[in-house]
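I opened the model and kept notes as I went. The entries follow in the order of my look-ups.

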Amino acid sequence: MKVWTSVATLFLGVALVLSTAPLTVSAQVLSLQQKDILQGPYRDDITPIADIVGHAPGARVIAPEKIVQALTLWSQQSQRLQVVEYAKTHEGRPLLAVFIAMPERLAQLEDIKARVQQLANPVNLSQAQANALIDQLPAIAWLAYSIHGNESSGADAALLTIYHLIASSDPEVSQLLEQQLIIIDPMMNPDGRARFAKQLQENRGLAVNLDDQSLLHTGSWPYGRTNHYFFDLNRDFIYTTQPETKGRVALINQWYPQLMVDGHEMGAQDTYLFAPAREPINPHLPLRRRHWGKVFAADQAQAFDRNGWRYYTGEWFENLYPGYSNYAEYRGAVHILYEQARIAEDGVARPDGTIMSYSESVAHQFVSTMANLKTLGQHSKTLYREFVQERRENISRTGRYANRAFVVLPNENHSRVAEFVAMLERQNITVHRLTQTQQVTAIDQYGVTQQKYSLPKNSIVILNRQPEARLLATMLEFDVAIKPEVLQEERHRTLRDGSSLMYDSTAWNLTMMLGLPAVTVDDFNSSHLQKWQAATPIVDAYNPQAVAYAIDGQDDNILGFTAQLLEQGVQLRAIDKATELGAVKLSRGSVILTFTDNPQREQAYKIAAATAAKFSLSLHAVTTGHGLGDLPDWGGQHFPLLKRPVIATLSQRGFSPYDVGATWYVLDHRLGIRHSIIDANAFNFADLRRYNVLILPDQYADSLSPEAYQKIKAWVAQGGTLIAFANAASALIENDISSAAELPDALQDASDFDAQLQREWMALNVPTDLSETQISGVASSIVYPWSMNDEAPSAEELQKRDDWLSVFMPSGAFLATRSDEKHWLSFGSEQSVPVLMADHPVLMAKDQVAAVTRLGHWQVKANTKLQQSADEKSALRYQWSSVPTNVDVQLRMSGLLWPEASQRLVNGVYLAQESSGRGQVILFANSPNFRGASLATSRLFLNAVVFGPGLGTGLVVGL
């Protein structure tokens, strides 16, 4: 934990200078801006905020560097606070936590932390010892603000709160600090706030603007909400992909705060919302959280009533998804959300004729904070006693989490496993390795119970019975339980007006997000466990007798290794069919560096060895190119030459900032090679000849002109690899760049698409008895890839049904898939990849469009005769498609999926690829890099980026 002592290294670049131009201000607005939020008296030896930032608190948005400047100065002036840097942002800005208490309390920080950690893990703690610790401990509050950079009032209120607590001479403040340790995270997203402050400056005119539709209030693409890579940091608390979150979670988890405040903003014409949340509420939250939410809300409401301020609780605020800052609730905190109407500096005119000033929005946040701190002081000891009881329940041998274990099956994707374990360990969750095979009853990721299931040696075991049992359970349970009455209300809203109770995704399971096969064991009992340790990669030394060096393709990091070697001029080949060269076994998707392709042997080896070590990959010396038995040899068709990807991603205009940012992040942090982000507004002037990979992220509005699409089409024909996500994929279809179809437009030819589906199944299930090929007569029966006995609905009826089924599309559910295991896009992936689907396009493929991955996992039922297709008398029909009756179709893995949506989605295409001229088009039905955490589908995307120029396009031979 680094204590902040200097302002000299605060920021990269030039500090933002706020405009000092005189504004045309009405008397009413001026009086609102000048309203004093703080009421003294205050000590003279603590510099007031106005003297540091150049204006009264609440008059203007305080720039990020000014907040840091104030904290640095106050840490030198006051013994009531200690400033700690817990991380740096992507742009190098410091993330600071301010510890506030009386000086003698601050001197005991390490002792306080040790005591609260004893309470949090009461394995050998007697009740008498627990009571003694509770008597010694102060109340601990964590107050956090402005995780969305353009929700500015929170950070300004945080600065007011800090000043008030360290400078006030009020005896009530001194008493509060005697009782509490207050930790304030005043500015959770300084990169986003800096972007927002800059946009305020850019969009300001000389007159005050009270119109919340103006650019001054809305901002412009990519807006200030997100961090450097356009990530919503308030969705990252369980995935912990971003440095802001990693540092923040590490510090929060040391202190087990009793109160967790998260200060936000919402629509400008709204009022003020605070906790408690309404249903759905995550079932792993203790029931008493609801009680305490009401207690804190009652006191907060009284504070607002005294000021005549309007407010509300609940309504749209639900508590199902655990990836917000509310993750701290599962660890023992009372979590309180603030949502203030967003007022961008000047104030906002309202339909009732009133004006809400920025100063008032800051005051709301400040008053809420002080009210919550007062309530915490009154109830801290009771909260500690309940905290200990909850923690005892978590580790009880007879409790709710007593015997359950979550088990990830062993695999060779070491980097993905390591990231999974890191996500858990950041939450203080212990992970084990099974040291010998064990037979259990297990539940798989499809919800199927399997008796006498054999857990392999080296399986990863996470016992649910540990101090963080509640958070662990909601992160790893395959499915979250939603109350029947909640489902009834959700369906009512869906049918009534298309609204929803759900504020975010209803599925978030870590093993599915990362694509790791796993099972749940409800009665796990084994002593054959060791603490998990990462696999140690082996890089073979340089061998003059080697003909090549190879890396196995099962690890995701092979994509970064391949991309970086290609960028450095090293020639590589992919292996598209598993082989064994001497003693080296190589799966499909492996890469090989041959010295035939790279005559500068030692230099090529040095680059490969250093890069393999960087990515924690094993590099194997290959001494023969002869495949064992009938396995491929190194000179045949299964060793295609790769080509360096030169990548451009479209952004701005109507493209989703979230999806652009996630794509940008994945390319930077998974590949680590150069790439370009192109402004779609200037796309018609771009020279696409510089690139061989073009990525179109998801879009919320039409982002390109018809001329731009024609330009892209011509570029693809010349050998480009075009990759598009979700609505951008739909746009390519609409502009005749792809021959794929969207479901509503395909229903006229539903039988053709169904025939393609049956043909794929027939290809995978060729019968072993082909004796009819030897007869001299004519075969009496033929199996067709379409139904001969089932009268399919008309196109008009299918369209009518599709209109109805589309009403029920999910807000985020994991679906099972099936992939073509011979296609290069599925390198390194399981046959069934979980995909997170919401109201995304349903893609359709036939003829020259390859359905690499389809929605729905097909499996022949046990003890049934193989049916070649659905043409036999018994067939199940799902909307446009048909399925043999001896096939089990598994679709929903996790989250809310209405039966209507399952009928619409099943057998649709998730990932499609087609050749076009010398190039190719690759379509994803969703955003494969969701929140930077969806490693399962990111692998498919990175396969497209890295392998696409070499494997899916025409090879250009240079002379």
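Which helix gives the most to the lining of the second largest cavity? I found that helix 13 does, with four residues. Helices (H or I, at least four residues) and strands (E, at least two) are DSSP runs numbered from the N terminus.

**Ground rules.** I am reading a predicted model, where local features need pLDDT of at least 70, side-chain atom pairs count only at pLDDT 80 or more, and totals for chains, interfaces and linings use all residues. Residues are numbered from 1 along each chain as its sequence is written, and side-chain values use heavy atoms, with hydrogens and water left out.

**Confidence.** I looked up pLDDT, the predictor's confidence in each residue from 0 to 100. The protein averages 93, and 94% of the residues score at least 70. Over residues 1-23 pLDDT stays under 50. For that stretch the model has 54 contacts beyond four places in sequence; a contact means heavy atoms within 4.5 Å.

**Cavities.** I searched the whole structure and noted four cavities of 30 Å³ or more. A cavity is a set of points on a 1 Å grid over the protein atoms alone where a 1.4 Å probe fits but cannot get out; lining residues have an atom within 4 Å of a point. Points are joined across faces, edges and corners, and the volume is the space filled by probe spheres set on them.

I listed its lining as R289, W292, G332, V334, L383, E386, F387 and E390. Helix 12 and helix 13 (358-394) are the elements that give two or more residues to this lining. By class I noted four nonpolar, one polar and three charged residues. Ala, Val, Leu, Ile, Met, Phe, Trp, Tyr, Cys and Pro count as nonpolar, Asp, Glu, Lys and Arg as charged, the others, Gly among them, as polar.

The largest cavity has a volume of about 60 Å³. Its lining includes W508 and S894.

Terms used. 1 Å grid on protein atoms, 1.4 Å probe; cavity = no way out; pocket = protein on both sides within 12 Å on 5 of 7 lines; lining within 4 Å.
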